[in-house]
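Biologist: Please take one part of this model and give me a close look at it, with the cut-offs spelled out as you go. I would like to see how that part sits in the whole chain.

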Amino acid sequence: MEVSTRRFAGRAALVTGGGSGIGAACAVRLAAEGAAVAVADIRADAAASTAARIEAAGGTACALTCDVADEKQMAAAVSDAVSRFGRLDALHANAACLDPEVYGRDLDLLDMDAGVWDRTMEVNLRGAMLGVKHAVPAMLAGGAGAIVFTSSVSALLADSAHAAYGASKAALLSLTRYVATMYGSRGVRCNAVVPALVLTPRAAGALGEERLRDKAAERLLPWAADPGDVAAVVAFLLSDEARCVTGQALAVDCGTTAHRPEHALRARAAR
């Protein structure tokens, strides 16, 4: 997607989980609109790859290695971003635990290792909280700021697996409202995006053709979202164009949550 605006010129952003997927697309989008972007990821090579993409396109970026669940590392990431860019105006708290040994074992609650639940909450929820804890003071020092969490339709609609993931993403929606309430009077906004399936090569390979057909039946639009679609909404929510929007959850789900399940069931039966 070609970007012609410079909504973030002179501003700095921190994107967690920025090494791939939604986070990488958001980091690239913010940089294309003028932001200096700190790309944080637990995978150093992935963070470096996204930062290199930004710089190759003429943008400003740095790569930070960070486990968002570790407070010292999260605090250091914010400090590094401020040191490099002189300010912090935006936070996209996108990091999530999708490691096969965690997400892939988030199945039946009766058989779940409690460590799977704990690690999911540490990364998905604690990581977002720590991002707020350390980023908001930097934003207040600059007079204002904006935060966007990446939640999921799993926060709104249950499935037969991934209860830990869904519960963590639901908690992010509550945290969104609390952060918006606590710091709104001081100029800091907080919102969440709520994606359904975001079609990446990794997702397509993991789901397979049958599951992809089921996902297609769940949505109302004839196309799935890609990471750039979510990044466009994140960029809007972080921009001054959304200056009166806070405490909100915006679904980027191609209509997945706009209808009753019968729609998907009929579509499946018609195949």
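Modeller: Helices (H or I, at least four residues) and strands (E, at least two) are DSSP runs, numbered from the N terminus. Counted that way, the protein chain has eight helices and seven strands. A word on the ground rules: this is a predicted model, in which local features need pLDDT of at least 70 and side-chain atom pairs count only at pLDDT 80 or more, while totals for chains, interfaces and linings use all residues. Residues are numbered from 1 along each chain as its sequence is written, and side-chain values use heavy atoms, with hydrogens and water left out.

A contact means heavy atoms within 4.5 Å; among contacts between residues at least 6 apart in sequence, 74% join residues at least 24 apart.

Seven strands form an open sheet in the order E3-E2-E1-E4-E5-E6-E7, with parallel pairing; two strands pair if DSSP finds at least two bridges between them. Strand E3 (60-65) and strand E7 (249-252) are the edge strands, each pairing on one side only. On average, neighbouring strands are turned by 20° against each other, direction ignored. Axes here are lines fitted to C-alpha atoms, for helices over the stretch in contact, and angles run from 0 to 180 degrees between N-to-C directions.

Helix H4 packs on this sheet, touching E4, strand E5 (145-150) and E6, and its direction makes about 165° with that of E5. Helix H7 (residues 227-238) lies across E4, E5, E6 and E7, running at about 165° to E6.

E5 pairs with E4 in the parallel sense over four bridges, and alanine 93 stands opposite phenylalanine 149 in E5. Six of the six residues of E5 are buried. In a regular strand the side chains alternate between the two faces of the sheet. In E5, Gly145, Ile147 and Phe149 are buried on one side, and Ala146, Val148 and Thr150 on the other. Further along, E6 (residues 188-195) and E7 also pair in the parallel sense over four bridges, and valine 194 has alanine 251 in E7 as its bridge partner.

The side chain of asparagine 124 reaches the backbone nitrogen of cysteine 97 at 2.8 Å. It also makes a polar contact with the side chain of serine 168 (3.0 Å). The cut-off for a polar contact is a pair of N or O atoms within 3.5 Å; within protein, one must be able to donate a hydrogen and the other to accept it, and residues adjacent in sequence count only if both atoms are side-chain atoms. Leaving aside residues up to four places away in sequence, asparagine 124 touches Ala95, Ala96, Cys97, Tyr165, Ser168, Lys169 and Leu172.

One of these neighbours, Tyr165, brings us to the aromatic pair, of which the structure holds one. The ring centres of tyrosine 103 and tyrosine 165 are 5.3 Å apart and their planes are at 80°, so the pair is edge-to-face. The rule is that rings of Phe, Tyr and Trp (its six-membered ring) pair if their centres lie within 6.5 Å; planes under 30 degrees apart count as stacked, over 60 as edge-to-face and the rest as tilted. The pair links distant parts of the chain, 62 residues apart: tyrosine 103 is in the loop between strand E4 (90-93) and helix H4 (114-142), and tyrosine 165 is in helix H5 (residues 163-183). Tyrosine 165 is buried at 11% relative accessible area, whereas tyrosine 103 is partly exposed at 26%.

Histidine 162 has its place in the loop between E5 and H5. Its phi is near 65°, a positive value in a residue other than glycine, and histidine 162 counts as partly exposed at 22% relative accessibility.

Note on methods. Buried means under 20% relative accessible area, exposed over 50%, partly exposed in between (1.4 Å probe, protein chains only).
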